[in-house]
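Colleague: Please take a close look at one part of this model and describe its surroundings in a connected account.

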Amino acid sequence: MTPEFHQSTREVARTYDLVYEWQNTHGPIMGTDVDPDYNINTKETLAQGCLGAPAGRPFLEVGTGNGNFGPFMEKYHPDRVWFGLDFSIVGLIAAKNHFRQIRPVNGEMLNFPFEDEQIGAVIFADALEHSNDIPTTLAEAYRVLTPGGILVASVPTPDSLNKWKRNALRQTKFTLIFRAMLAAARRIRLFGRVDIQPEDHHLSEKEWVKYFADAGFKVEPPTQWPTENGLTPVVQLFRAYKGD
Ligand SMILES: C[S@@+](CC[C@H](N)C(=O)[O-])C[C@H]1O[C@@H](n2cnc3c(N)ncnc32)[C@H](O)[C@@H]1O
């Protein structure tokens, strides 16, 4: 945890509320919303990873925010019930306004308000690294999944922001760099700092695999993105199962 942060969960949730309020009118602040290629590529992989989840069971997306996973639920899983859990009410309202399929659940990722073994797939899109207690969050994911249920997660590679900047420069994506600078300026204007998420764990593949395995999951070898044209991966994509 960044030492200068001493915020209660409610204060952190309020930060995200402000972010989503601003995004609605002024444009992107969150990294995912700044880079559409990142958003599409990672969420396609996560949604495809949920194909084959036990039939008839709802999906639970944790840290659903303003609903960026919605197009991929509609494309790959239109008939699933999609619970979206987040502690930002403003984010959830935006998600609901865009996607009828979502069932918003206002809550914290340390305690999922679901019965044991009810869920077919748990999805973390750029969210698990923000837990302030990763083992507890993963224990909750394991608890609510039905046997054979799937967990998918996108998490950053170590030092991902600098890697992302170098990739953008290498591809001469100056519009993207400008959007990122604008997002940083918005963060400073709103909160007085660029780093606004108090929990942001940038762990190695080995550390994540250990977390998943310790929670009881069977973990597949992860993939990374991007890997083409000599670019440096900024995100790791995991898929894991709860055994039968
Ligand atoms: C980086 S955003 C990702 C949003 C969305 N999944 C996406 O990919 O666009 C992280 C999300 O996790 C939520 N979040 C962070 N910590 C949380 C916690 N402890 N409990 C519930 N939600 C949390 C935030 O409100 C935010 O919407």
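Modeller: A residue is called buried if 20 or more other C-beta atoms lie within 10 Å of its own, exposed if 12 or fewer do, and partly exposed in between, with C-beta atoms placed from the backbone. The model is predicted, so local features need pLDDT of at least 70 and side-chain atom pairs count only at pLDDT 80 or more, whereas totals for chains, interfaces and linings use all residues. Residues are numbered from 1 along each chain as its sequence is written.

R14 is partly exposed, because 16 other C-beta atoms lie within 10 Å. R14 belongs to helix α1 (residues 9-26); helices (H or I, at least four residues) and strands (E, at least two) are DSSP runs, numbered from the N terminus. Between R14 and A121 there are 107 residues in sequence and 28 Å in space, C-alpha to C-alpha.

Buried in α3 are Y38, N39, T42, K43, L46, A47 and G49. These residues cover an arc of only 150 degrees around the axis, which puts them on the same side of α3; the arc is that of the directions from the helix axis to the C-beta atoms.

That buried set packs against helices α2 (31-34) and α4 (70-76), and against strands β4 (119-125), β5 (145-156), β7 (223-225) and β8 (235-241). Here two residues are in contact if their C-beta atoms, placed from the backbone, lie within 7 Å.

A nonpolar core is a set of buried Ala, Val, Leu, Ile, Met, Phe, Trp, Tyr and Cys residues joined through C-beta atoms within 7 Å. The largest one has 48 residues, and those with the most contacts inside it are C50, L60, A121, V122, I123, L151 and V152. Leaving aside neighbours within four places in sequence, V152 is in contact with L46, G49, C50, A121, I123, F238 and R239. Another core, of nine residues, lies apart from the largest one; V19, I29, M30 and V34 are among its members.
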